[in-house]
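User: I would like to go through this model with you, starting with its pockets. Please keep the answers plain.

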Amino acid sequence: MKYIASCSFGKDSLAMIIKIKELNLPLDEVFYVDIRFNNESYSGEMPLMKEFIPRAKKILKDKYNIEVKDVKSKITFIDQFYKVKQKGNHIGDNYGFPYVIGAWCNSRLKIEPIRQYLKKFNEPVIQYVGIAYDEPVRYNRLNHNTHIAPLYDLKITEREAMEICREHNLLSPIYETSFRGGCWFCPKQSIGQLKNLYRNYPDLWSTLKQMEKDSHNTFKPNMTLSQLEKRFKNEKIQMSIFD
């Protein structure tokens, strides 16, 4: 039996690894799914997380002797975005932006590389996942024969996971501007996260706006990035009036 842990370098997965080591639970490997925007980009992570990951890897290596393995898809976000659909709706169009429900990026850029990674083991695998105690819906969806959620079992909430990471110098600076991480091109981002992208990373925002011209669907359902940008600008003007 092999015991492996999925690490996104977010608060929950890092707190989970800390607890696994503190409780001396079996752990054979730790892996990270590196979702790339294109072949020139290190990953699709937000810039703050991108800078944090190498530091976190070093801490895990130095403190816990954990070597995090990078798992990558054979294709990038750009590859799939511009791939022409051969069946289903919009045949002949680019795949374009993933839909919020049933997003192709999850299956092709995350689930598939994990499946390929797990195939290398010639014995049963138990996978640790970072699901906190205040995420019962996610926990109940687990296959409990193949997955373990230590944080949930220990009744550790997301807030408590954040404090565990902070105590061990493993809290990503991404949480200074957002309660969740994720790819900068993810359509599931909250409006607040998109506002942060627009205001602090104009180059990334501009890239998404340019890509939207090549997509049959908008980045957000029934809302263009230009409309969001207008909303953000109006909010800034309204704030300045009351300053």
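**Pockets, core and selected residues**

Analyst: Helix α4 gives the most to the lining of the largest pocket, with seven residues. Please note that this is a predicted model.

User: Which other elements supply at least two residues of that lining?

Analyst: Besides α4 (104-118), they are α1 (11-22), β2 (29-34), α5 (136-141) and α8 (191-200).

User: How much space lies in the largest pocket, and which residues lie nearest its centre?

Analyst: The largest pocket holds about 1700 Å³ of space. Its lining comprises 48 residues, and those nearest the centre are Ser 8, Asn 106, Lys 110, Arg 138 and Gly 182.

User: How does the lining divide into nonpolar, polar and charged?

Analyst: The lining of the largest pocket has 22 nonpolar, 15 polar and eleven charged residues.

User: Lys 110 is on the list of residues nearest the centre. Where is Lys 110 found, and what does it touch?

Analyst: Lys 110 belongs to helix α4. Not counting residues up to four places away in sequence, Lys 110 touches Val 33, Ile 35 and Cys 105.

User: Does Lys 110 count as buried, partly exposed or exposed, and why? Which?

Analyst: Lys 110 counts as partly exposed, because its relative accessibility is 36%.

User: Moving on, what lines the second largest pocket?

Analyst: The second largest pocket is lined by Ile 20, Lys 21, Asn 24, Leu 25, Leu 27, Asp 28, Glu 29, Val 30, Asn 65, Ile 66, Glu 67 and Lys 69. The elements giving two or more residues to that lining are α1 and β2. About 160 Å³ of space lies in this pocket, and its lining residues divide into five nonpolar, two polar and five charged.

User: Asn 24 is in that lining. What is the phi of Asn 24?

Analyst: Asn 24 has a positive phi of about 55°, although it is not a glycine. Most residues other than glycine have a negative phi. Asn 24 lies in the loop between α1 and β2 and is exposed, because its relative accessible area is 69%.

User: Which residue has a positive phi near 60°?

Analyst: That is Asn 169, which is likewise a residue other than glycine. Asn 169 sits in the loop between α7 (158-167) and α8, and it counts as exposed because its relative accessible area is 59%.

User: What about Ile 78? Where is it found?

Analyst: Ile 78 is found in helix α3 (residues 77-81). Ile 78 is partly exposed, with a relative accessible area of 22%; the cut-off for buried is under 20%. Leaving aside neighbours within four places in sequence, Ile 78 is in contact with Phe 37, Asn 38 and Met 211. Ile 78 and Asn 38 are 40 residues apart in sequence, and their C-alpha atoms are 5.7 Å apart in space.

User: Finally, the overall picture. How many helices and strands are there?

Analyst: The protein has ten helices and five strands. Its radius of gyration is 19 Å, close to the 18 Å that the globule rule gives for 243 residues, so the protein is as compact as a globular protein of that length. Buried residues make up 45% of the 243 residues. Among contacts between residues at least 6 apart in sequence, 64% join residues at least 24 apart.

Key: Residues numbered from 1 in each chain as written. Predicted model: local features only at pLDDT ≥ 70, side-chain atom pairs only at ≥ 80, totals over all residues. Heavy atoms only, no water. 1 Å grid on protein atoms, 1.4 Å probe; cavity = no way out; pocket = protein on both sides within 12 Å on 5 of 7 lines; lining within 4 Å. Points joined across faces, edges and corners; volume = space filled by probe spheres on them. Helix = DSSP H or I, 4+ residues; strand = E, 2+ residues; numbered from the N terminus. Nonpolar A, V, L, I, M, F, W, Y, C, P; charged D, E, K, R; others polar. Rg over C-alpha atoms; globule rule 2.2 N^0.38 Å. Buried < 20%, exposed > 50% of the residue type's maximum accessible area, 1.4 Å probe, protein only. Contact = heavy atoms within 4.5 Å.
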